[in-house]
Amino acid sequence: MKELKRVVAIHDISGFGKCSLTVALPIISAAGIETTVLPTAVLSTHTGGFANFTYRDLTEDIQPIADHWKSLEIKFDAIYTGFLGSFEQLDLISHFFDRFKTKDNLILVDPVMADNGELYKIFTPEFAVGMSHLCKKADIIVPNLTEAALLLGEPYNPGPYDEKYISGLLKKLSGLGPRQVVLTGVFFNEKELGAATYDAVTGEIAYSFENRVPGYYHGTGDVFGSALLAAVMNGFPLSEAAGIAVRFTTSAIRKTAAAGTDIRFGVNFEQTIPELLKDLRIQD
Ligand code: PXL
């Protein structure tokens, strides 16, 4: 039996709509990794397309929760952050990193704040600048193309892209601080969509693509990030982990598209978990 690793996932709970913690917790746990959660906010649904969602900001709970864990001497093999509930949480999470970082553990920051060229409604340009500071403390960051532009203070490019543009972005993003960068939403033509990875120490750049499924499906960034972390924690090199996460996310999208589900309801990752476990060689 392999040693049981422990991740802390720091995202919101959107009760309905399958994103953030309702995606990270099942995927990472299914991959054989203990998952502690630190909720940043509680919403009735995610903010992407539903009117009148409820929003309870949990900023005030973060420090006491961290203090309690510290008093219990709890340690994490990885810290995985996503959607943060307020501007103040950027500083609180930065402090959390300082307290819980060890020489062996991994910080993965998904700078969740924007997609399709636009910031999510609840965030401001100042939040994007704050997020670029938080990324300095990460070992791996997982921005999409919109988030990458915001982190770098550059205009958004809707694509299609070429290798020169993508490798330039990867290197600049790593220049913010993280050794490894995974860029999602990369495409060189209209048929394929995937991710690019960069490791600043080895200099390796790699790409993983699958056939594009038309349409925009909600929560796919969180499905991708959770599967990526699950693969990294199971010992896969970053480029292979990205391939596993691209396959898993695309397969979940395909099932959702075939069922004709409302795109706001999230993707069918649940019935795709057996495929992920095969890819991770947890299940034959
Ligand atoms: O999937 C990213 C995400 C997470 N959490 C909340 C969101 C979104 C994207 O819109 O609204 C609350």
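How much space lies in the largest cavity, and which residues line it?

Analyst: The model is a predicted one. About 30 Å³ of space lies in the largest cavity, and the structure holds one cavity of 30 Å³ or more. The residues that line the largest cavity are Ile62, Gln63, Ala66, Leu92, His95, Phe96 and Arg99. Two helices, α2 (59–71) and α3 (88–100), each supply at least two residues of this lining. The largest share, four residues, comes from α3. Divided by class, the lining of the largest cavity has four nonpolar, two polar and one charged residues.

The open spaces come next. The largest pocket holds about 1,000 Å³ of space, and this pocket is the space taken by the ligand. Its lining comprises 46 residues, with Asp115, Tyr216, Tyr217, Thr220 and Gly221 lying nearest the centre. Elements that each supply at least two residues of this lining include the strands β1 (6–16), β9 (180–186), β10 (192–199) and β11 (205–211), together with the helices α5 (145–152), α7 (220–233) and α8 (238–259). By class, the lining of the largest pocket divides into 20 nonpolar, 19 polar and seven charged residues.

Around the ligand itself stand Asp12, Ser14, Cys19, Ser20, Leu43, His46, Thr47, Phe83, Val112, Tyr120, His218 and Asp222. This shell divides into five nonpolar, five polar and two charged residues. A polar side-chain atom of Asp12 lies 2.7 Å from a ligand nitrogen atom. An N or O atom in the side chain of Thr47 is 2.6 Å from an oxygen atom of the ligand, and a polar side-chain atom of His218 lies 3.3 Å from a ligand oxygen atom. Taken alone, the ligand exposes 320 Å², of which the protein buries 97%.

The second largest pocket holds about 250 Å³ of space. It is lined by 13 residues, and those nearest its centre are Gly48, Tyr120, Lys121, Tyr216 and His218. Tyr120 and His218 also belong to the residues around the ligand, while Tyr216 is also among the residues nearest the centre of the largest pocket. The lining of the second largest pocket divides into four nonpolar, five polar and four charged residues.

Note on methods: Residues numbered from 1 in each chain as written. Predicted model: local features only at pLDDT ≥ 70, side-chain atom pairs only at ≥ 80, totals over all residues. Heavy atoms only, no water. Near = heavy atom within 4 Å. Polar contact = N/O pair within 3.5 Å; in protein donor to acceptor, adjacent residues only side chain to side chain. Areas by Shrake-Rupley, 256 points an atom, 1.4 Å probe, with all protein chains shown as cover. 1 Å grid on protein atoms, 1.4 Å probe; cavity = no way out; pocket = protein on both sides within 12 Å on 5 of 7 lines; lining within 4 Å. Sits in = over half its atoms within 2 Å of the grid points. Nonpolar A, V, L, I, M, F, W, Y, C, P; charged D, E, K, R; others polar. Points joined across faces, edges and corners; volume = space filled by probe spheres on them.
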